[in-house]
Amino acid sequence: MPDERRQFRILYRDFLFRMVDLEVLSARGEILNLLVQFAALLAALSFVLAILFVPRYAASALSKQQLLVAAWGDEEFLIATTIGVAGLFAVMSWNAVLPDRRDSLVLGPLPVRIRTMFAAKLAAAATALGVSIAAVNIFTGLSFPVLVAQPGALDAIRSLGAYWVTMIAAGLFVFCALLALQGLAAQLVSYRLFLRMSSFLQLASFFLILGVYFLTPPLATVPGLTGPENQRLLAFLPSFWFLGLFQELNGPMHPVFGHLASRALWNLAIAFSIAATVSGLAWLRHLRRIIEQPDIVPADRSHPAARIVTFLAAKCLSKPIDRAILLFTARTIARSRQHRLLLAAYGGIGLAIALAYAKSLLYGYSKEAWYQVNVPLLFGSLVLLSFTVLGVRAVFVLPISNPSSWIFRITAVYRPASYFAAVRKSLFGLTAIPVWIVSAILYFAIWPFRPALEHMAVLVLIGILLVERSLHKFRKIPFACSYLPGKANLKVALGAYGILFMFAADGGVHIEFWALHRFARFSVLFAILLAAAVWARRRTAEFARDPYNRIQFEDLPAAEVFALDLRRDGAWSGDEAYVDAIDPHFGRSLGARVRPFAIGALLLILSGIVYERVGEWRDHKRFPQIGRSFDIGGRSLNIYCSGEGEPTAILESGHSMPGFSWVLIQREIAKFTRACWYDRAGSGWSDPGPDPNWSASIARDLHKLLQAARIPPPYLLVGHSMGGFTVRVYNGLYPADVAGMVLVDSSHEDTISRIPETTTPQYLLDIQKLFLEVFGPIGLLRLSADEPDTLPRGLTREECATISSLVWQVKSQVAQVRERPLIASAEQARAAGGLGTLPLVVLTGGKSYTNPGHQKAWIELQAGLSRLSSRGRQVVVANSGHMIPFQAPQSVIEAVRDVVTEIRRDGS
Amino acid sequence: MLELRGVTKFYSGIPAVEDVSFVAYPGGVTGYLGPNGSGKSTTLRMVAGLIEPSEGEILFHGEPIQRNRIAYKQRLGYVPEEPHLYPHLTGSEYLEMVGQLRGLPERQLAEKTDAFLRLLALYEDRYVPISSYSKGMRQKVLLAAALLHNPEIVLLDEPFSGLDVNSALVLRNVIRELAVRGKVVLFSSHELETVERVSSHVVILHKGRVVANDSIEQLRVLMSLPTLEEIFSRLALEQDTEAVTQQIVQLIES
């Protein structure tokens, strides 16, 4: 009688290596290498998390109790990660515990008891699951529990034990739950229906695991766990049940964990019982029945999807070769579990990334609502498109029944270009086109027509780009090319590409988001993408037409490695020797390759120049000069005055703002005294000025302007932000002219040095100026110009548009750079000294800083400014930030009125 | 006319087929015989254009087949030894795909596919995946796929393998009929009786070399042996079958 224990050991070893469907990843690959790579990836993740947690906890300034409460979020995250890994393992080992046809046929005739086979499968599953859980917790499991333990060695040991018990229980729960799902399906429906349902259940479970992992809300706080509105949600989130278990085992900090822990244990017990029962029943009842059934269900000719695809192929593709390749590709993906699983892996990664972005939309972190153009939804469609195209393209190289590909060789009665074209159409038809259709339905339903149309245009071009580039130098018929012996396809480098993709896609989506706000920007983006798509299409077409091209059926080493063929095997025949050294571009000069890009760049520049010129002309028509220009010695400055009476209020705007930004305030001040705003050199309607142009230079220019415009003193100087330095310097240079001052959230020389941009090195400023002078005339600044989303109080839309247009002029941008570094003006203001007995009001924004500590310090500094004069006083404008002239203009008007009254009283 | 001239194929420096030369004429059936491993399938694969000969050339109507592979493959029908078919496709889908790959018009293809499936008793299982087909059913699919486009050259490698008696009889008659209609038919088989009945000409391979290349009648006269089986045994058999039989029985009982 055969030794049952020996049989168990043999079967256990075999089942263990077959636990995960690694044939998916490598037709002839090294299974052990792949298993080790998987485990290493999980361990690497654990290591990274441990590296992140340890310093954060070790260096935290929180008290121990506060730290332990703050740690709940991280604990829940680690549990969720373990659940996710165990869940993905369960998906990849789908049906591995249940009996299958191969086992039945091979082991059935042998003297092996069913209970031995079942025990071996269970043991293999438990081992593989244990290894996965251990790998993903190997570093965090040794460090994190110690960080969140109460002081004391025994507490640390208890915490370690609680951590590992929790993780094992959580992983076991999700594995048993999915096994129970499979087992119940196998018991409740016929075997044939079960086979059909099984792959869909597998995919649905896969996406469910990813969805729950990425969309779980941050509820691991006292309000989150105890809030009545969250209780229903918590009932469905296993990561929180097991958080409760961990807390209970580790010494609970809140009564809420009690019922979460019992939920965890009860659900674990239920899942385990069901899984054990249905699996055992499946083995007892189905083993013999399985042999009589085919593993693959007969194709359902009446299946709507199959008929639709066949119909569409017949209608849309006129060439038989196109129909053959499309139908073969679609049927293989639809019917091959291996290919679907690999495709689902790509889809899962894409879905995970999209969900991570969607979280901000779902939980209200995004500035825009879902029915407005927003980054998460833009990103979602881009990711869906990219991963669909790249996933199917990646799956193309996974062979199916490779020996059967002889039929493609025998029937190769067309030129290779026809096959390449057919593959291209298949990839479009199976990936890009369905995504475009689904996206169009969604975006036209939820967004306004124009941005939806523009986004669809971008999506179409990116789809074309992706398909063409992914098929460049692809010489194979999908699924009909072999691999090199021993090659494993778990491309760890994919991880690196994935990270790069994230950065590129994030940047690209933000560019698109920015472009969708103005048609001019969108036009540029569209033109660039269109050029790229056309270029990609031409490259692919050139490659396909190459007379050296052949269809590739064998995966070959790099072309640089050429067999000498000393054994006369004749292996490198004309049909199969791919020689990438025969490059379609071989013989093309560098000039010929660069020419298309140079022409494209030139066209773009010319368009930009035209755009800028037309824009300037339109601005000139739409925004005629307000005020008058006066020559101050070789250049003119613009000034606008109205009103009657003394003193004359001179309004000095902040850095980057034109004089016209005072329009509302000037209009009101002019009702009780003469008031003027003016444009500094280079700003608004004034000519460019000297370089550099700091406060002293500005003050001298102002003096010359007031003389040229015959505006006599006394002056009441009003300075906002950096304008505060200028008016103080003016007083230092021309004290007899100044009768009073109002500083409006003025910059302060003691804080300016702490803001990095104010101490910019000169060479960087020179580079900025060069950039502006080169790219400004070709329209780049005009393209970047933004109008504010909300109008400042009291200003009309036209006035806002005027201010925006003046700010974004090239000369204004250059003028701003010439006024830097701001620290230079700060030192000039410091050197200008005090204000003596001048009437002075210092307006301070009550919300200039969001940090309460910084705001307090700011008010104190501003109070110091009020002490520049013995008659100075500070007014905190509570409902305003730094932009008091826009946010609380009335406070400026009142302050000026008060100082005018004081000055007139002094004069009388 | 299909001609092989000095065709040789090396694998790892060892000749699988060495200096094979013969002619297969249209209107006749050429049987290609030899023990296992003698190089029959290798030769047929070279003639089908699936692998390249290390030396020698293969000509069709006097022109090397490499000169215009596309045109050659358009006229070629091939049934391989191993019935490798895509298991996830149904019989109907597979034939439809082959017909589309060969550029057959859709309507004609549909009619021909249906007709072949009916005639080969596969019509009832036409929507069943090939993975569920028996060996004989797969062989029939291969046969239909090879003949769908009315080829001029028909290469059959062990075509009777797995066929039931009825289907084998039908195939035998089909082969004869193809030859009558002027096709070049080259087929290899282990069934000497069938070869003897169907072929007008035989080529016998032994260890990669041609040891006989003549009409059956001529061989009988030359070797003074009445049947093809005896001729084959004299020229190509490698084992003392009786001695081997005894040894196997002893091994089982040991």
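A:Cys800 counts as buried, with a relative accessibility of 6%. A:Cys316, by contrast, reaches 58% relative accessibility and is classed as exposed, since the cut-off for exposed residues is over 50%.

## The disulfide

Over all chains, the structure holds 1 disulfide. Its partners are A:Cys641 and A:Cys676, with an S to S distance of 2.0 Å. Strand β2 (residues 636–642) of chain A contains A:Cys641, and strand β4 (residues 675–678) of chain A contains A:Cys676, so the pair ties together parts that are 35 residues apart in sequence.

Which hand does the disulfide of A:Cys641 and A:Cys676 have? The disulfide is right-handed, because the torsion about its S-S bond is about 115 degrees. A disulfide is, in general, a covalent bond between the sulfur atoms of two cysteines.

## A nonpolar surface patch

A nonpolar patch on the surface is formed by A:Phe47, A:Val48, A:Ile51, A:Leu52, A:Ile138 and A:Phe139. Together these residues present about 540 Å² of accessible area.

One of the patch residues, A:Val48, is located in helix α2 (residues 31–58) of chain A. A:Val48 counts as partly exposed because its relative accessible area is 45%, a value that also meets the requirement of over 30% for patch residues.

## Backbone geometry

Most residues other than glycine have a negative phi, and most peptide bonds are trans. The peptide bonds and residues described here depart from that pattern.

Two cis peptide bonds are described here. One runs from A:Asp691 to A:Pro692, with omega near 5 degrees; A:Pro692 is placed in the loop between β4 and α25 (695–708) of chain A. A cis peptide bond also joins A:Arg820 and A:Pro821, where omega is about 0 degrees. The loop between α31 (810–818) and α32 (822–831) of chain A holds A:Pro821.

## Positive phi values

A:Ser401 is not a glycine, yet it has a positive phi of about 45 degrees. A:Ser401 sits in the loop between α17 (375–396) and α18 (406–410) of chain A. Its relative accessibility is 26%, so A:Ser401 counts as partly exposed.

A:Ser656, also a residue other than glycine, has a positive phi near 80 degrees. The loop between β3 (648–652) and α24 (663–669) of chain A contains A:Ser656. With a relative accessible area of 23%, A:Ser656 is partly exposed.

## Confidence of the prediction

Chain A has an average pLDDT of 84, and 88% of the residues score at least 70.

Where in chain A does pLDDT stay under 50? One such stretch covers residues 485–490, for which the model has 17 contacts beyond four places in sequence. Another covers residues 571–582, and there the model has 29 contacts beyond four places in sequence.

How values were computed:
Residues are numbered from 1 along each chain as its sequence is written. Chains are lettered from A and ligands numbered from 1 in the order in which they are written. This is a predicted model: local features need pLDDT of at least 70, side-chain atom pairs count only at pLDDT 80 or more; totals for chains, interfaces and linings use all residues. Side-chain values use heavy atoms; hydrogens and water are left out. pLDDT is the predictor's confidence in each residue, from 0 to 100. Contact means heavy atoms within 4.5 Å. A disulfide is a pair of cysteine sulfur atoms within 2.5 Å. Helices (H or I, at least four residues) and strands (E, at least two) are DSSP runs, numbered from the N terminus. Buried means under 20% relative accessible area, exposed over 50%, partly exposed in between (1.4 Å probe, protein chains only). Patches are made of residues with over 30% relative accessible area and no salt bridge: like charges are joined within 9 Å, nonpolar side chains (Val, Leu, Ile, Met, Phe, Trp, Tyr) within 5 Å. Accessible areas come from the Shrake-Rupley method with a 1.4 Å probe; for residues, only the protein chains shown count as cover. A salt bridge is a side-chain nitrogen of Lys or Arg within 4 Å of a carboxyl oxygen of Asp or Glu.
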